[in-house]
Amino acid sequence: MNTFDEIFKKINDYSTIIIHRHQHPDPDALGSQAGLARSLKLAFPEKKILCAGGPEGDLAWINKMDEVKDEDYQGALVITVDTANTPRISDDRFRMGDFLIKMDHHPDVDPYGDLRYVEPEKPAAAEIIFDFIKAEKLPLTKEVAYPIYAGMVGDTGRFMYAETTPATLKAAYELAATGIDITEIAMNISTVTLEQAKLQNSVIDLLHVDPCGAAYAVVTQQQLHKLGINEDQASATIGTPGRIKGIIAWNIFVEKADGTYRVHYRSKGPIINQLAEQHNGGGHALASGANAVDMKEVEQIFAEVVEVTKKYNENANE
């Protein structure tokens, strides 16, 4: 793994820096991207600093993408944040840059980039960006702190997940001390539309629960159209099964317009990221994503989750 100093040196060397994140962004993807971009803009007002990627969905309150032209990539430094593998990078033009840096907190299963800073122990990529800003003495204003804090809140489950550490809470304190509205951020992340709330209730009705504590639900295109919800907005349902006592691992399958499925894995104990990697995906040990081509693969995926959940229960009872 490379160092913050090596990354900062490359940033100094380039007049154009384009920051990418993953497709279907969550608060951590947008927050780490925006926090880095805003701090660099303050530190280097003479440089062109751009944020690239597809639509922000319901998260435009964190950051909006810049208009990035093909010619901007000529001789540019490209940095990806919160993106474990190249197929997940939003906007394929990241390949057009002169030099590529990866900054991430997922397991480094795809060691792409000319420089890499990957720290899987961190609960959020936004915390890595915070550490980078502090280490290199870059500006940390309210404008910079707001998206970074949002990213940390999002990927730590409002600091409830096991990966949250004292260092995470110390970083959150320093970010909050800049004067950002932490209540507003928490409300923005937790609030859903009426239509999303109705979909959450539908997921509970549709939930299939195995005796071992594994569960799954399939959200169809028909359901999304009926409620006027798109695939990205359906992500509001991902945590729903986790609030139910006795469920320790689960899948939410969201049907895409082409008939394939986005697969969401979540767990309170069983390791599920290795399962996701077998289905064109990956992620954290307890939170991952993948893809399924049809219902046959959907059934296969859930069978695998049931199997690891049973083994987890057996080990816990020994």
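The structure contains zero disulfides, a disulfide being a pair of cysteine sulfur atoms within 2.5 Å. In general, a disulfide is a covalent bond between the sulfur atoms of two cysteines. The structure is a predicted model, in which local features need pLDDT of at least 70 and side-chain atom pairs count only at pLDDT 80 or more, while totals for chains, interfaces and linings use all residues. Residues are numbered from 1 along each chain as its sequence is written, and side-chain values use heavy atoms, with hydrogens and water left out.

Cys-51 has a relative accessible area of 4% and is therefore buried. Cys-212 is likewise buried, at 12% relative accessibility. Here buried means under 20% relative accessible area, exposed means over 50%, and partly exposed lies in between (1.4 Å probe, protein chains only).

## Salt bridges

There are ten salt bridges in the model, each defined as a side-chain nitrogen of Lys or Arg within 4 Å of a carboxyl oxygen of Asp or Glu. One of them joins Asp-70 to Arg-93, with the closest N and O atoms 2.9 Å apart. This pair links distant parts of the chain, 23 residues apart: Asp-70 lies in the loop between strand E2 (48-51) and strand E3 (77-81), and Arg-93 lies in the loop between E3 and strand E4 (99-104). Helices (H or I, at least four residues) and strands (E, at least two) are DSSP runs, numbered from the N terminus. Asp-70 is partly exposed, at 42% relative accessibility. Asp-70 and Arg-93 also belong, with Asp-91, to a network of salt bridges.

Where do the two partners Glu-174 and Lys-134 lie in the chain? Their salt bridge has its closest N and O atoms 2.7 Å apart. Glu-174 is in helix H5 (residues 166-176) and Lys-134 is in helix H3 (residues 125-135), so that the pair links distant parts of the chain, 40 residues apart. Glu-174 is partly exposed, with a relative accessible area of 22%, and Lys-134 is partly exposed at 42%.

A further salt bridge is formed by the side chains of Asp-108 and Lys-102, at 2.6 Å from N to O. Is Lys-102 buried or exposed? Lys-102 counts as buried, at 0% relative accessibility, whereas Asp-108 is partly exposed at 28%.

## Aromatic pairs

The model holds seven aromatic pairs. The rings of Phe-8 and Phe-44 have centres 6.1 Å apart and planes at 40°, so this pair is tilted. Rings of Phe, Tyr and Trp (its six-membered ring) pair if their centres lie within 6.5 Å; planes under 30 degrees apart count as stacked, over 60 as edge-to-face and the rest as tilted. Phe-8 lies in helix H1 (residues 4-13) and Phe-44 in the loop between helix H2 (27-43) and E2, so the pair ties together parts that are 36 residues apart in sequence. Phe-8 is buried at 18% relative accessibility, and Phe-44 is buried at 9%.

Tyr-216 and Phe-302 form another tilted pair, at 4.5 Å centre to centre and 50° between the planes. Tyr-216 belongs to strand E7 (residues 214-219) and Phe-302 to helix H10 (residues 295-317), so the pair links distant parts of the chain, 86 residues apart. Tyr-216 is buried at 18% relative accessibility, as is Phe-302 at 11%.

## Helix H3

How many residues of H3 are buried? Nine of the eleven residues are buried, and the helix is mostly covered. The buried residues include Glu-127, Asp-131 and Phe-132. Just after H3, Lys-137 takes a positive phi of about 55°.

## The cavity

A search of the whole structure finds one cavity of 30 Å³ or more. A cavity is a set of points, on a 1 Å grid over the protein atoms alone, where a 1.4 Å probe fits but cannot get out; lining residues have an atom within 4 Å of a point. The largest cavity holds about 30 Å³ of space, a volume being the space filled by probe spheres set on the grid points, which are joined across faces, edges and corners.

The lining of the largest cavity consists of Ala-84, Asn-85, His-106, Pro-107, Val-109, Glu-277, Gly-282 and Gly-283. By class, this lining has three nonpolar, four polar and one charged residues. Ala, Val, Leu, Ile, Met, Phe, Trp, Tyr, Cys and Pro count as nonpolar, Asp, Glu, Lys and Arg as charged, and the others, Gly among them, as polar.

Terms used:
1 Å grid on protein atoms, 1.4 Å probe; cavity = no way out; pocket = protein on both sides within 12 Å on 5 of 7 lines; lining within 4 Å.
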